[in-house]
Each structure stands twice: as C-alpha cells, then as structure tokens.
Amino acid sequence: MLEQGKIDSRQAILLIISLVLPTAILTVPAITVKHAAQDAWISIIVATMAGLLIARLVTDLSLRFPGKTLFEYAEEILGRVPGKVVGFLYIWWFLHANALIMDEYASFLCSAHMPDTPVIVFFILGIAVAACAVRNGLEVLSRFNQLFLPLFLGLLLVVFILATKDMKVTRLLPVFDKGAIAILKGAATPASWLGEIVIFTMIIPFLNKPKEAYRVAALATLFTSFYLLVSILVAIMIFGPNVTGHWIFPTYNAVRVVSIANFLERMESIAVAVWMFGGFAKVGVFYYAAVLGSAQWLGLKDYRPLVAPVGVILVALAALCENIVELLDFLATAWPPYALSVFEVGMPLVLLIVALARGKGGEGT
Amino acid sequence: MVNFIKPLRARFPGRGNHPADQSKESSLPGASWKEQVLSPDLETNLKQIKAILDKCSDVVYREFVFAQNEQIRLALIYTDGLADKTQVGDQITKALALEVPMAVPGQEISKNRALEFIKQRGLCINEIQQTSKLRDVIQAILSGDSVLLVDGHDIAIVNGTKGWASRAISEPEAEPTVRGARESFVETLRTNTALLRRRINSPNLKIEVFKLGEITNTDVAIAYIEGIVNEKLVAEVKSRLQRIKVDAILESGYIEELIEENPWSPFPTVNHTEKPDRAAAMLLEGRVAILVDGTPFVLTVPNLFVEYLHSPEDYYERFIFTTAVRILRFLSALVSLTLPALYIAVVSFHHELLPTTLLLSIAGQREAVPFPVFVEVLVMELTFETLREAGIRLPRPLGQAVSIVGALVIGEAAVRAGLVAAATVIVVAFTGIASFTFAYSASIAFRLLRFTIMFLSAALGLFGLISGLALIGIHLCSLRSFGVPYLSPVVPMTGIDLKDVVFRAPLWAMFTRPRLIARQNQKRQEQGLKPEPPETRPKG
C-alpha cells in the first residue's frame with residue numbers, strides 16, 4: 001500500500017469540507033446569484049440534494065472495493081486498458097481542478113490584498129506549502145486541516161452573526177420570482193463544487209472506520225452546504241441580489257461591512273488570513289489525489305518522488321489562466337457540464353453500473 | 001532541502017543504518033582486564049588493582065588484619081572523596097579490626113571461614129554485595145563503594161559507602177512557581193530517585209538503573225509506574241537507551257538528543273523538568289522518566305507540545321484562574337512567534353489593517369528612521385537576543401549592568417537617535433516578554449522560527465506570514481514523540497483529553513488519564529467526587 005496512514009471519521013469530514021468550501025465560498029455565491037437572483041438559496045438547497053446523491057454514488061462505488069482507490073478498481077471493473085484511460089482522465093481532472101483552485105486563490109489574494117504581487121508567486125509558494133503537506137502523507141494533511149479549519153469555520157460564523165446588523169430579510173422577496181429554470185441553472189455551479197466529493201474515493205480506503213463513510217460524506221456535504229447557504233443568504237440580505245450578482249467575491253464584501261463600535265472592524269483581513277489555511281488544505285487534497293493517483297496509475301511503490309514534478313505541472317497549468325474574468329467565465333459556463341457530467345456523475349455512474357453488471361467487487365457494507 | 005540533507009546523512013549515519021553489532025570495545029586502550037576474575041591471593045589482586053588504578057592519586061588502599069589475627073589479612077580499597085570516610089572508618093576498619101574480637105572473644109576463625117564470618121558477623125554495613133569480577137571491583141571503587149579483599153578468597157565484598165559532598169536540595173531555578181513544592185532535583189541520582197519515591201509511596205513505582213557512556217559509566221535510571229504505563233513504551237525507552245554507545249553522558253541533554261524521533265526538528269520532543277512534583281505528575285499520567293546522574297534535569301517521555309504551555313502550578317491553583325492564565329500563555333506563544341512578522345507585514349504592505357490614527361502615529365515615528373521596517377525590526381531583535389544571551393552568560397554581579405545598559409540603549413538612545421521607531425521597540429520588547437511566559441525549551445524553538453517568519457513576511461506580507469505558519473503547522477502535525485502525535489490531543493482529536501489543554505477541568509472532573517499515553521489504564525478516579533454542602537449531598 002502506498003499510504004500507510006489512517007484517518008478517523010472526524011478528520012475525514014473536515015477534509016471533505018476543506019475539499020469544497022474554501023473556494024466555493026468565494027466564487028459560488030456570485031455565480032449562483034447571477035442566475036437565480038434572490039432565489040439563490042433555493043438553488044443551494046437543490047444543489048445539496050444533488051451533492052448528497054453524488055456522495056452516495058461515490059461511497060457506494062468505493063465500498064464495493066474495500067481498501068482500494070478509484071484508480072485501482074477502475075482497472076478491476078473495466079479491464080486494464082479502459083481502466084487506465086479512466087485513470088488518466090481523472091489524473092488530468094485533478095490537475096486541472098487544482099490549477100483552477102490555485103487561480104481562484106491567487107486572483108482573490110491579488111485583488112483583495114496584494115495587487116502588486118505577480119500571481120506566479122502565489123502559485124509557487126502555495127504549491128510549495130501544499131507539497132510539504134502532501135509529502136508527509138494523508139495523516140499529516142488531515143491533521144493540519146483539523147488544526148486550522150475549525151478556526152476558519154468558527155470565525156466565519158462569528159462574522160456572519162456580527163453582520164446581522166446590516167441585514168434586511170425583505171431583500172429575499174419575492175420568492176420564486178425567476179422560476180424553476182433559473183433556480184436549476186443557479187444550482188449547477190454549486191452542485192459541481194459539491195460533486196468534488198468524488199475525491200473521497202481516494203480517501204475512503206484510508207478511513208479507520210470505512211463503515212462510517214456514508215455518514216462522513218453526508219455530514220460533510222451538509223456542513224458545506226450550510227456554509228454556502230448562509231453566506232449566500234448573508235450576501236443577499238446585506239446587498240440585495242443585484243449588487244451581489246455583480247461582485248466577484250460577495251462573501252468577502254459581506255465580511256468587510258462588519259463594523260461594530262468603531263473597534264471590531266476590518267475583520268476581512270483576519271478572515272482572509274484564516275481562509276488561506278483552508279486554501280492550502282484544499283490545494284493539498286487535490287494535489288494529494290493527483291499524486292497518489294499517478295503513483296497507482298504508474299504502478300510505483302512510493303508516491304513521494306512524484307510530488308515535485310506534479311507541483312511543477314500544477315504551477316505551469318495555473319499560470320495558463322490569463323485573468324480573473326476569463327476564470328470566472330470558465331467556472332460559470334464550462335465547468336459545471338465538464339466536471340459535473342463527466343467526472344463527478346458520469347464516470348462513477350458508469351463504473352458502478354459496469355461493476356454491478358459484471359458482478360465485480362463485494363456487496364458493499 | 002532534501003538534497004542538502006542527504007550527504008549530511010551519509011556522513012553522520014543515524015538511526016536505521018547503524019551497524020547493529022558494533023563492537024563493545026571501549027575506546028580506551030588497555031581494556032584487557034575487563035573480563036578477568038580475582039585470584040585467591042591477596043597480593044596478586046592488590047598488584048593488579050594498583051596497576052589498573054595507576055596514577056589515580058585519590059584511591060586509598062588500607063591493609064590490615066582481621067580480629068588481630070595475623071593469619072587473616074584484609075585489604076580495603078576506596079576512593080577518597082567519594083566514599084563516606086566515617087562510615088568506612090567506623091563500620092568497616094574499626095569493626096573488623098577491633099570490635100569483632102571483643103564481641104566473640106577467644107573464638108578462632110579459620111582462614112577458610114573468614115569471608116563468611118566477616119559478612120555475617122563482622123561488617124556493620126547494611127548494603128553489601130560480593131563479586132569475583134575485576135571489572136565490578138574497579139567499577140565499585142570508582143563509584144564510591146569500598147571494596148574489601150580477603151586473603152585466600154577470590155571473592156570481594158563491595159560495601160555501599162557512597163557519600164560525597166553534593167549540593168543540597170534547593171529551589172528550582174529554571175521552573176519557579178508561586179505555589180507548590182520548593183524542592184528541586186539535584187545532581188545525585190540517588191537523591192533524585194528518593195525525591196520521586198517520597199512523592200509516590202507505591203510499590204508500583206519502578207526504578208531501573210542502567211550504565212551508559214563507555215568512559216563515564218554514568219548511572220541512568222528509568223522510572224515508571226507499573227499498571228499505568230504502557231508496557232510497550234517502557235520497552236521502547238529501554239531499547240532506545242541501549243542503542244546509545246557513546247563515550248560520555250554528561251547531561252540528560254546527551255540522552256535527549258540520542259533518543260529523539262525527529263533529530264532535524266527545531267522543536268524538542270523530549271520534555272525535561274527539575275521539579276520532582278512535576279515529574280511525579282508525569283509518571284502518574286503514564287509517562288516514563290529518565291533520570292541521569294550528574295544533572296538535576298529529568299527527562300520525561302512521551303512529550304506533547306501542550307506540555308510546554310502548561311506549568312505545574314496549573315494544578316495547584318483554582319481551575320478558573322488556571323484556564324484564564326493558560327489562554328494568556330497560548331496567546332503569548334502566538335505573539336512570540338508572529339508579532340514582529342505581523343508588524344513588518346502591516347507596516348510595509350497592509351496599511352489598511354491599522355486604524356487611521358494609529359497608522360499616522362506609526363508613520364510619524366518612522367519618518368526619521370533611515371531603514372526599512374524589516375531591517376529595523378531585525379536589528380532590534382538581534383540586539384534583544386544579544387542582551388538576553390549576555391544576561392545568561394555574564395557573571396551574576398554584572399547582570400545588573402547589562403540590564404541597565406540594555407534598557408538605556410534600546411529604550412532611550414536608539415529611539416532618540418532616530419535609529420528605530422518607538423513602536424518597533426514596543427513590538428520587540430513585548431515579543432521578548434511574551435516568550436518568557438512558557439517553557440524555555442519551546443520558546444527557543446519559537447525564537448528561531450520567528451526570524452524565518454520575519455523574512456517571509458518581509459518578502460510577501462501577510463501571505464508570507466500565513467505560509468510560514470502553515471509550514472510550521474504541517475511540521476508540527478508530522479512530529480511524534482515515542483509514537484504519540486506531538487499535537488495530540490488537539491489533532492488528532494481525543495475529545496475527552498481536551499479537558500486539560502487550554503481549559504483545565506477541575507480535579508474532581510478529571511476521571512481519566514490521557515488516552516494516547518496511558519493506553520491500558522485509563523481510569524484515574526471515581527466519578528462523583530464533586531464536593532457539595534451536606535444538605536444537597538446524596539444520602540448514603
């Protein structure tokens with residue numbers, strides 16, 4: 001086995017939250033609100049349903065092959081060559097997704113805090129920190145995440161509570177104004193983010209209690225959705241749907257307006273500082289999945305030699321993106337069909353169906 | 001980094017590629033006598049011992065006869081200064097030469113029965129052993145015991161007469177507390193084990209002694225409480241100690257560095273204390289203590305990071321106050337690591353983080369300062385570190401002078417001369433003070449890392465600072481001390497053990513021992529010990 005570590009269910013939940021939330025909370029609200037206006041929160045609820053289904057799908061699939069990752073059982077299900085092809089596509093997707101995450105991360109930091117710093121610096125240092133965690137294995141990665149993510153989640157909640165002063169519930173009215181189609185369109189992007197839980201297939205084999213995988217996946221999805229839902233509600237209730245839809249990072253702006261007694265203000269810097277840890281964790285998980293996947297795909301005994309080369313590829317891929325407008329456009333239009341239909345639902349579903357048809361794998365516990 | 005470490009590793013082979021059957025030969029010449037045994041002839045023995053202990057002017061040889069019987073010749077050998085002279089004189093020489101004939105008048109003792117007779121009825125010493133190995137004899141002489149040789153017998157009697165001038169038990173200097181025991185460990189191993197035994201009057205407190213150091217032959221003891229300690233841990237400690245093949249153990253730091261799991265880390269993963277009450281508390285939680293002769297610092301393993309932010313006093317003061325103080329200490333630790341870096345980041349990159357008036361005030365102070373803020377802070381930090389080091393090294397009477405000069409130079413002159421801003425002095429001074437609030441051995445790690453983070457912060461502002469913290473976080477997450485994750489019980493989280501991290505639960509609510517340390521015997525005490533007034537107390 002390439003990975004010796006085991007993680008417990010609590011760490012797994014936090015890891016999956018990190019897998020989705022840090023960038024979702026940045027970019028998803030604006031895109032969703034653009035489609036569904038003040039009904040964006042309904043979109044999130046719809047997306048949560050989809051997310052739970054995807055979570056169920058990937059957990060079902062993984063539990064049929066205890067102790068094996070996606071890359072190992074893809075070959076078992078489809079046969080050697082088609083399995084390798086699927087594996088290759090997933091490696092590509094992990095890398096691509098990670099490059100996009102780095103882009104979001106860097107462009108956010110650039111526009112929010114350090115406009116004069118070239119983005120490549122963020123790419124290199126961000127990847128370097130993540131590489132350090134990945135080299136140390138899943139155990140250290142999830143401990144690191146367990147150390148800092150609660151800070152982020154707690155701080156976010158506090159900030160949202162402090163922001164209630166500026167909220168108006170009437171900004172959520174009228175409900176269901178734009179109709180079901182708009183809501184479904186708005187749900188596509190959050191669903192594609194929640195669908196990133198497909199990486200859980202790389203983590204399930206290392207759970208110390210694999211039987212709790214369903215619970216872990218469901219709880220993590222619900223937690224993430226809760227934070228997405230709250231951040232969208234907060235943004236809409238403070239700024240209204242029109243303004244929110246035109247901002248790039250509405251949640252960040254919602255944090256900025258917090259000002260209490262001329263003292264408790266400029267919370268956004270603390271929030272961003274804590275959020276950066278989440279960013280490292282998210283990049284780390286995708287990075288880890290890509291590295292472990294490649295090692296299994298190539299049949300290596302150790303994944304560590306791959307950490308550095310994969311990091312270089314990630315920096316190069318991330319540097320391909322020209323600017324934030326292009327990035328957001330890609331995320332809003334191309335990403336949901338590309339990620340959701342192929343990698344998050346399509347392939348796992350095909351794998352599961354073929355596995356059932358060919359009677360591969362155990363019953364699943 | 002890895003590439004730079006690899007050649008180093010090759011040059012200094014560490015754990016793993018250590019030749020397992022390295023010869024046990026001493027690094028000293030002329031060690032051929034080590035396997036020899038005593039001969040029945042007294043003269044031969046004496047000659048041999050004198051040859052081995054040649055030019056050892058502190059060894060005393062006393063030859064006399066038993067019970068004024070010219071037939072039975074005896075020789076007593078001990079080291080002057082290590083053996084208790086009155087004990088040797090009264091209980092051995094006087095007893096054997098004069099008192100025995102008075103106690104058993106007229107009885108003729110044959111040469112063959114002499115040894116038995118001396119042991120049973122002659123010696124007034126409580127602690128005696130016998131040996132026939134030359135090696136043990138030499139060892140005994142040099143460690144303060146006195147050796148009695150009897151003519152016609154190839155067996156020597158080793159009398160426990162250790163008694164040398166040693167420092168009296170005094171107050172702990174490195175770990176002062178307001179409340180709690182005032183005793184500190186001293187340099188003598190036996191005194192230290194006694195200090196432990198006095199606190200834990202239980203047959204389950206086991207103290208095993210080894211000899212380490214090929215030349216120094218230092219006594220090293222491990223102490224643990226059977227039934228609480230994890231047996232595997234004891235075995236692991238023993239095997240790591242037995243791996244040590246060095247010529248000298250002069251301080252417990254030698255052992256610490258040789259049994260660590262992460263020799264490249266700036267963080268210590270073996271804790272040490274000079275307070276017997278703290279050591280006892282550690283043992284009672286299932287840890288193992290390693291006592292080394294010649295130092296008052298006792299090692300305890302496994303070591304968790306939070307131990308450095310705790311003080312023994314935390315358990316003697318009321319828990320509410322303790323919790324508040326611990327919060328202060330955790331914040332101080334954070335400050336001592338990050339404050340200068342944060343200051344650099346804010347002043348050079350993120351002006352928006354400061355309230356306008358404060359920003360203007362700092363800008364006003366910095367107007368005349370010729371250096372960038374990073375240089376300013378770096379110079380001040382280095383000055384502070386220099387002062388601190390000077391304060392430790394200087395002969396004590398001069399310490400006062402240093403602090404006066406330091407305060408004047410740093411506090412007044414530098415600011416007046418316009419070399420540094422007053423705000424920088426405040427930041428550096430506060431950072432320094434904050435680093436004194438928790439254990440020294442962790443604060444030196446923070447001191448080092450503070451500079452690294454300052455560099456990152458000067459280059460990349462807040463992003464650099466956070467990246468640095470993340471790297472430190474990842475490193476801390478990867479550390480283990482004797483198999484126990486360094487950051488536990490926070491990560492990986494063991495819920496019940498959070499009772500004693502920042503929050504200190506009242507003693508009546510601490511039902512369990514730390515789960516990852518005392519694996520076998522978790523239960524510390526019964527539940528329901530909460531004191532209550534008689535009216536509300538449940539009947540029966």
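# Strands, helices and rings in a predicted model

Me: How many bridges join E7(B) to E9(B)?

Reply: Four bridges join E7(B) to E9(B), and the two strands run antiparallel. Two strands count as paired if DSSP finds at least two bridges between them. Strands (E, at least two residues) and helices (H or I, at least four residues) are DSSP runs, numbered from the N terminus.

Me: Good to know! What should I keep in mind about the model and the numbering?

Reply: This is a predicted model, where local features need pLDDT of at least 70 and side-chain atom pairs count only at pLDDT 80 or more, while totals for chains, interfaces and linings use all residues. Residues are numbered from 1 along each chain as its sequence is written, chains are lettered from A and ligands numbered from 1 in the order in which they are written, and side-chain values use heavy atoms, leaving out hydrogens and water.

Me: Back to E9(B). Which residue stands opposite Ala221(B)?

Reply: That's Leu291(B), in E9(B).

Me: And which strand does E9(B) form a hairpin with?

Reply: E10(B), with five residues between the two strands. Gly294(B) sits in the turn and has a positive phi of about 100°. Three bridges join E9(B) to E10(B) (residues 298–301), again antiparallel, and Val288(B) has Val301(B) as its bridge partner.

Me: Are the residues of strand E9 of chain B buried or exposed?

Reply: Five of the five residues in E9(B) (288–292) are buried, so the strand is largely enclosed by the rest of the structure. Buried means under 20% relative accessible area, exposed means over 50%, and partly exposed is in between, using a 1.4 Å probe and protein chains only. Val288(B), Ile290(B) and Val292(B) point one way, while Ala289(B) and Leu291(B) point the other.

Me: What about Thr218(B), buried or exposed?

Reply: Thr218(B) is buried, at 7% relative accessible area. You'll find this residue in E7(B), which covers residues 218–225. Leaving aside residues up to four places away in sequence, Thr218(B) touches Phe210(B), Lys211(B), Leu212(B), Ile249(B), Val292(B) and Asp293(B). Contact here means heavy atoms within 4.5 Å.

Me: And Thr357(B), buried or exposed?

Reply: Thr357(B) is exposed, with a relative accessible area of 63%. This threonine is in helix H11 of chain B, residues 356–366. Its C-alpha atom is separated by 49 Å from that of Pro302(B), 55 residues apart along the chain.

Me: New topic: what is the order of the open sheet of five strands in chain B?

Reply: The order is E1-E2-E4-E5-E3, with antiparallel pairing. E1 (59–66) and E3 (128–131) of chain B stand at the edges with a single partner strand each, so one side of each has no neighbour in the sheet. On average, neighbouring strands are turned by 25° against each other, direction ignored.

Me: How do strands of a sheet pair?

Reply: They pair through backbone hydrogen bonds, either parallel or antiparallel. Here, eight bridges join E1(B) to E2(B) (residues 69–79), and Arg62(B) stands opposite Leu76(B).

Me: Which strands does helix H2 of chain B lie across?

Reply: H2(B) (residues 42–52) lies across E1, E2 and E4 (146–150) of chain B, at about 15° to E2(B). Helix H5 of chain B (134–142) lies across E1, E2, E3, E4 and E5 (156–159), at about 60° to E2(B). Axes are lines fitted to C-alpha atoms, for helices over the stretch in contact, and angles run from 0 to 180 degrees between N-to-C directions.

Me: Now rings. How many aromatic pairs are there over all chains?

Reply: The count is 32. Rings of Phe, Tyr and Trp (its six-membered ring) pair if their centres lie within 6.5 Å; planes under 30 degrees apart count as stacked, over 60 as edge-to-face and the rest as tilted. Phe88(A) and Trp297(A) have ring centres 5.6 Å apart and planes at 45°, so that pair is tilted. These two are 209 residues apart, with Phe88(A) in helix H4 and Trp297(A) in helix H10 of chain A.

Me: What sits over the ring of Trp297(A)?

Reply: The charged end of Lys84(A), 5.5 Å from the ring centre. A charge sits over a ring if NZ of Lys or CZ of Arg is within 6 Å of the ring centre and within 35 degrees of the ring normal. In chain B, the charged end of Lys50(B) sits over the ring of Tyr61(B), 4.9 Å from its centre.
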